[in-house]
Amino acid sequence: MKNSTKIDPYGFREYDARWIYEKDISIEGIEELGKGLGTQIKIHTKKENPRVVVGHDYRSYSEEIKSSLKKGLIFTGCYVEDIGLSLSPMVYFAQFNLNTDAVAMVTASHNENGWTGVKMGIKKGLTHAPEEMKELKEITLNQKFTKGNGNEKQIDDFQQIYKNDLINKNKITKKIKAVVACGNGTAGIFAPDILRGIGCEVIELDCNLDWTFPKYNPNPEDLEMLHEISKAVKENQADIGFGFDGDGDRVGVIDNNGNEIFSDKIGLLIARNLSENHNGSKFIVDVKSTGLYSTDKILAKNNCNTLYWKTGHSHIKRKVNIENALAGFEKSGHFFFNEPLGYGYDDGINSAIQVCHLLDNQNKKMSEITNELPNTFQTPTMAPFCKDEEKYNIVDDLVKEIKQIKNNKIMIDGQEIKDILTVNGVRFSFDDGSWGLIRASSNKPSLVIVTESPTSDERKKRIFDFIDNLLQKTGKIGEYDQKI
């Protein structure tokens, strides 16, 4: 390894590769990553010259990172097909449209400026899961590279092919007035055009590209972004507000009154809408999602079944694929639509389109549709700092502790724990449908905490206090990013 090559091993996360550029990974390190990925693609496809679609987001340094990554891929023998400035879902779509062997998208999604990363996948519609990431890390850090004769070509005008694919399949009849907010991220050159194309009247908010993100990070879980959308919805008397993240695979939704609707509730509304025409379907949701899926009367009437699974776009995508589910929904705003609605991957714009279909199908305002759901009191996703090298061990200890509390029938806010789900951290629930979740974040040095109660706001808070108390006792938890 050259002296100037730097790759922090912790950048290989559960299903994304993310680093702070130059501090944790050097430009030479990116080239090594390309060689590692190229080698891995050749192993899995058993091809000497596999074709790889590559794209990049609109950060100031993304193009130089992409060209270094391409250099590494070409070194191993890959034929690179570069579609230019892209959204992650546009790169995933290109793999189907161009029928290539793999994808590599240079993006750090909604992470703050300074971060970079790569979302990658080999099997169509899927991205790397923990075992592929582990293999990639092993190949890259040990420099077990193969050598070959690769090449590259630019694919022009692919943005339009992607836009047309979504527009042509999704025309709506009702004139829906939508605020479209992109936080100055890459979605700004896609979302307004596509939503206009299907028949919406679009009010643009922060859709001009600016990699400094002057107002807020393009993150639909960020309250600052949601407040801006809310204001614009009210000022323009819009029917709906959409907020997209930096690489366009997630969406946040604001109703006609300017109220945020948590993404897991949006997922439930979409699932209800789809269940009417897709009887007996299966849906996958992540462990951060509302407990309402399992008790929903409309889904039950239409013989639909919901499985709770590991948080993370790669995990849910895979589970949707394995279970042949119709759709998957994550509380963070990643939604996955399988055939005939999509190709199984997460696309924030397609998710917004499905919300438009929901409004198009019903003669009701978004707030009225949402009010048909049982009320629950839910915290936002809260992330207290916890070191990468400590977070998984801490969660393992807390799982044991919560199991003991359940076994010893210790009361929390007057109720015993009824069920424990440990597919991803620990989600413990009570008889009244209230629950709490503690898990390790997959892409940041932090834990993830969520609580929900259908009973009262107070109960939601007391379950959070119980969790916070357990965390503080470890002595290894720092500041929260946001807190109730």
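This passage describes the overall form of the protein chain and then the setting of helix H6.

The structure is a predicted model, in which local features need pLDDT of at least 70 and side-chain atom pairs count only at pLDDT 80 or more, while totals for chains, interfaces and linings use all residues. Residues are numbered from 1 along each chain as its sequence is written, and side-chain values use heavy atoms, with hydrogens and water left out.

The secondary structure of the protein chain comprises 14 helices and 20 strands, assigned as DSSP runs (helices H or I of at least four residues, strands E of at least two) and numbered from the N terminus. The radius of gyration of the chain, taken over C-alpha atoms, is 22 Å, which agrees with the value near 23 Å that a compact globule of 484 residues would have (2.2 Å times the number of residues to the power 0.38). Of these 484 residues, 62% are buried, that is, under 20% relative accessible area with a 1.4 Å probe and protein chains only. Among contacts (heavy atoms within 4.5 Å) with a separation of 6 or more, 70% join residues 24 or more positions apart.

In helix H6, which spans residues 191–198, the buried residues are Ala191, Pro192, Ile194, Leu195 and Ile198. Seen down the helix axis, these residues fall within an arc of 165°, so they line one face of H6; the arc is that of the directions from the axis to the C-beta atoms. The cover over the buried residues of H6 includes helices H5 (158–169) and H11 (348–361), together with strands S7 (177–181), S8 (201–205) and S9 (240–244). Gly199, which follows H6, has a positive phi, near 125°.

Conventions
Buried < 20%, exposed > 50% of the residue type's maximum accessible area, 1.4 Å probe, protein only.
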